[in-house]
Amino acid sequence: MTTTYLERILDPWREFDRMSRLLNRTSSPVSSEYPAVNVWVNGDNAVITTEIPGIERDTIDISVTGNTVSLSGSRPAEETKEEESYHRHELWHGKFSKMIKLPFNIDADKVKATYSKGVLQISLPQLETDKPRKINIK
Amino acid sequence: MTDTLKEVQKKEAELEKGVERTRETRVFTPAVDIIEKGNDIVILADMPGVDENSVDVTLEKDLLTIYGKIEPEIPANHKLVISEYGIGDYQRTFTLTSEIDKEHIRATVSDGVLRLVLPKAEKEKTRKIPVTGHA
């Protein structure tokens, strides 16, 4: 069913629904569906794991700004010739990007990442200057 | 939005009624591509966490089963705070047509993707049976 622009603005609930969904999306700590991530925390260190099988290693890009980690990469489609045909096509391919917010600022210099067996694991320590400091009373 | 979410999430494998698993683990159905490439049928299966030592490919009669065993790598002393995917073994079974040359199936694993190459058997020539009638 297609709706016209007029119908959309005449239905305030539809608009409300759309707005709240948008708001929910931005306030969530993760930005998009693919790839699914698990986040593990131990005090001042966080570990993000994600299953991204078949990704070209060179395309994996991890960048850190403040408390946010951005992941991106791409998976090439299987090369097929014209006479070849798919009986089943369930695998995902294309480009992805995802942002994950952590509860602390990350020490970008100490971030370590491994990609093995299709699983990406990133270790993210908290920034030293961001850690709580004990103040001695004189 | 929910549709795309479903697509990228792993599907948990269904158990037959009355059957129980011996290992205390979740089992997922890996997503696959099946491509016909000239003389080969190629099966690609997404099995992240699996390598060449932890995947089993068995062929019993016409049933080809792939099973990937996972040793979950849990970061020591860490607590899971966001969980978007589950970890478990993979299993999927395919029925092969008799056209496959079962002796020459090849399997490789790379970056969590299993690749099976099933060569088609040389087709038996159709034999024509002459019908003779009595005069």
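Predicted model: local features only at pLDDT ≥ 70, side-chain atom pairs only at ≥ 80, totals over all residues.

Reader: How do you know how much area chain A and chain B bury between them?

Author: Buried area is the accessible area (1.4 Å probe) that two parts lose on being put together, summed over both. For chain A and chain B that comes to about 3700 Å², with 55% of it on carbon and sulfur atoms. Trp40(A), Glu51(A) and Lys117(A) supply 20% of the area that chain A buries against chain B, more than any other three residues.

Reader: Why is the meeting of Arg75(A) and Asp46(B) called a salt bridge?

Author: The rule asks for a side-chain nitrogen of Lys or Arg within 4 Å of a carboxyl oxygen of Asp or Glu. The side chains of Arg75(A) and Asp46(B) meet at 2.8 Å, N to O, so the pair qualifies. Between chain A and chain B the count is nine salt bridges.

Reader: What makes S2(A) "mostly covered"?

Author: Strands are DSSP runs (E, at least two residues), numbered from the N terminus, and S2(A) spans residues 45-51. Buried means under 20% relative accessible area (1.4 Å probe, protein chains only), exposed over 50%, partly exposed in between. Seven of the seven residues of S2(A) are buried. Asn45(A), Val47(A), Thr49(A) and Glu51(A) cover one side, with Ala46(A), Ile48(A) and Thr50(A) on the other.

Reader: How do you know that S2(A) pairs with S1(A) and S8(A)?

Author: Two strands pair if DSSP finds at least two bridges between them. Six bridges join S1(A) to S2(A), and seven join S2(A) to S8(A), so both cases pass. Both pairings are antiparallel. Ala46(A) is the bridge partner of Val41(A) and stands opposite Leu124(A) in S8(A).

Reader: Why do S3(A) and S6(A) stand at the edges of their sheet?

Author: The open sheet has the order S3-S4-S6 in chain A, with antiparallel pairing. Strands S3 (61-65) and S6 (94-101) each have a single partner strand, so one side of each lacks a neighbour in the sheet.

Key
Residues numbered from 1 in each chain as written. Chains lettered and ligands numbered in written order. Heavy atoms only, no water. Helix = DSSP H or I, 4+ residues; strand = E, 2+ residues; numbered from the N terminus.
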